[in-house]
Amino acid sequence: MNILFLTITRFTTIAERGIYTDLMRFFAEQGHKVCVVAPAERRFKKPTSLVEEGQVSILNVAIPNIQKTNVLEKGLSTLLLERLFHRAIKKHFSHIRFDLVIYSTPPITFTKIIREIKQRDNAHAYLLLKDIFPQNAVDLQMFKQGGMIHRFFYHKELALYRVSDYIGCMSPANAAFLLKHHPWLDPSHIEVNPNSTSLLPSTTSQSPKSTIRESHQLPTDKTIFVYGGNLGKPQGISFLLQTIENCRDIEKAFFLVIGSGTEYPRIQRWFDTHKPANATLIETLPKAEYDIVLAACDIGLIYLDPRFTIPNYPSRLLSYLENSMPIITATDPNTDIGTIAEENGYGLKCLSGDIETMKQHIKYCCENAEKVKEMGQKGYEFLKNNYTVQHSYD
């Protein structure tokens, strides 16, 4: 098949690891021709370019910044995105007839491109629903429910659902939420297609944990709880910092925060002010180095803003499970990420803001090393059985 994939995730090479690069690489490995259209954000100072890598063509389209930027520029980029992508596709891919169009949210503004290719090529359209917008923005009080901005994007959301032949949701709670709020959708075309990864024979360094920890000034005699990845408003940063502050008296607990995002300056200021002896903050590392550091940690943390009414399912879970780490989730009551972890024996959950339960989970992990190891092994098995690119591809 000829496949067109639309995304706002940065795509420089198909060889990189990530939920979308892994999936598109797997499609190519099965003999399909894959055309990726991705943004070249202004902050990277790159013009529109087309790169050919075997069965994969990567078209990076120059756009304003759309990630890790202010709300105004993000909104402008979202509005311009479809026009810029459409123009680039007509210029570089007009000679290709596509059998399948795959696209992920965010954004929700690709409807015109998808409809045109469906009509022209008789193609099928598959939405990977990674973000339920604009409701998530309403939850975070970025704009008002029922206001002009909300109504504008809500109509865009409905149009995207209507043009999609199939919608893959990240979890059962995601699928249930979609059908509850849009009962006109055909349930037989809604399925669980989770965040997934391509497992490598060895994703970690052969160096002992102690050596890796020492090289990053991390304690070798404590249980390290890691929070890695994007650090933005949806990630419940306030409760993360509250956890670090309130767990100072747990002698064996140490926290590592590693990543970047709009909330990173706020976290940096907090670390500079409070100077926590039980935590370290590291800015973004190259993916390969990040994987090595992650492998030297013990428990993965997942936080979400407590105001969410939509069931998010953060992809950072995959890196934790791949490194055989159990997880602790502190989320809103609507997501099922913590419930699935507890039911399958690889994690513990609490509601964001419930500091007493969180402290109990932290203490438990510090005092039960063998149980933690067993939970991590269950997590890795669950990953192999449910969250590989083979599942998403099928």
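Start by selecting Pro106, in the loop between strand 5 (100-105) and helix 3. This is a predicted model. Look at the bond that joins Thr105 to Pro106: the peptide bond is cis, with omega near -5 degrees.

Now select Phe133 and Pro134. The peptide bond between them is cis too, with omega near 20 degrees. Pro134 sits in the loop between strand 6 (124-129) and helix 4 (135-139).

**Two positive phi angles**

Select Asn122. You will find Asn122 in the loop between helix 3 and strand 6. Its phi is near 55 degrees, a positive value in a residue other than glycine. Is Asn122 buried or exposed? Asn122 is exposed, because its relative accessible area is 67% and the cut-off for exposed is over 50%.

Jump to Ser324. The loop between helix 11 (316-322) and strand 13 (327-331) holds this residue. Ser324 is not a glycine, yet its phi is positive, at about 55 degrees. Ser324 is partly exposed, with 33% relative accessibility.

Most residues other than glycine have a negative phi.

**A positive patch**

Next, select Arg83, Arg87, Lys90 and Lys112 together. They form a positive surface patch. Which helix gives the most to the patch? Helix 2 (residues 71-92) does, with three residues. Lys112 belongs to helix 3 (residues 111-121). Lys112 is partly exposed, with a relative accessible area of 48%.

Go to Cys35 in strand 2 (residues 33-41). Its relative accessible area is 0%, so Cys35 is buried. Show what lies around Cys35. Setting aside neighbours within four places in sequence, Cys35 is in contact with Ile3, Leu4, Phe5, Ser57, Phe93, Ile96 and Phe98. Then draw a distance from the C-alpha atom of Cys35 to that of Lys74. The two atoms are separated by 25 Å, and the residues are 39 apart along the chain.

Move on to His182, in the loop between helix 6 (172-181) and strand 8 (190-192). His182 is buried, with a relative accessible area of 5%. Which residues is His182 in contact with, leaving aside neighbours within four places in sequence? They are Tyr154, Glu157, Leu158 and Tyr161.

**Salt bridges**

How many salt bridges are there in the whole structure? A search finds 17.

Select Arg213 and Asp298. Their side chains meet in a salt bridge, at 2.7 Å from N to O. This pair links distant parts of the chain, 85 residues apart: Arg213 is in helix 7 (residues 209-215), and Asp298 is in the loop between helix 10 (287-295) and strand 12 (299-303). Arg213 counts as buried, at 4% relative accessibility.

Now select Lys233 and Glu263. Here the side chains meet in a salt bridge at 3.4 Å, N to O. These partners are 30 residues apart and link distant parts of the chain. Lys233 lies in the loop between strand 9 (223-230) and helix 8 (237-246). Glu263 lies in the loop between strand 10 (253-260) and helix 9 (264-274). Lys233 is exposed, with a relative accessible area of 53%, whereas Glu263 is buried, with 8%.

Arg266 forms a salt bridge with Glu263, and their closest N and O atoms are 3.1 Å apart. Arg266 is partly exposed, at 31% relative accessibility.

For the last stop, select Arg17, Lys287, Asp291 and Glu322. A network of salt bridges links these residues.

Notes
Residues numbered from 1 in each chain as written. Predicted model: local features only at pLDDT ≥ 70, side-chain atom pairs only at ≥ 80, totals over all residues. Heavy atoms only, no water. Patch = residues over 30% accessible without salt bridge, like charges linked within 9 Å, V, L, I, M, F, W, Y side chains within 5 Å. Areas by Shrake-Rupley, 256 points an atom, 1.4 Å probe, with all protein chains shown as cover. Salt bridge = Lys/Arg side-chain N within 4 Å of Asp/Glu carboxyl O. Lys, Arg positive; Asp, Glu negative; His and termini not counted. Charge placed at Lys NZ, Arg CZ, Asp CG, Glu CD. Helix = DSSP H or I, 4+ residues; strand = E, 2+ residues; numbered from the N terminus. Buried < 20%, exposed > 50% of the residue type's maximum accessible area, 1.4 Å probe, protein only. Contact = heavy atoms within 4.5 Å.
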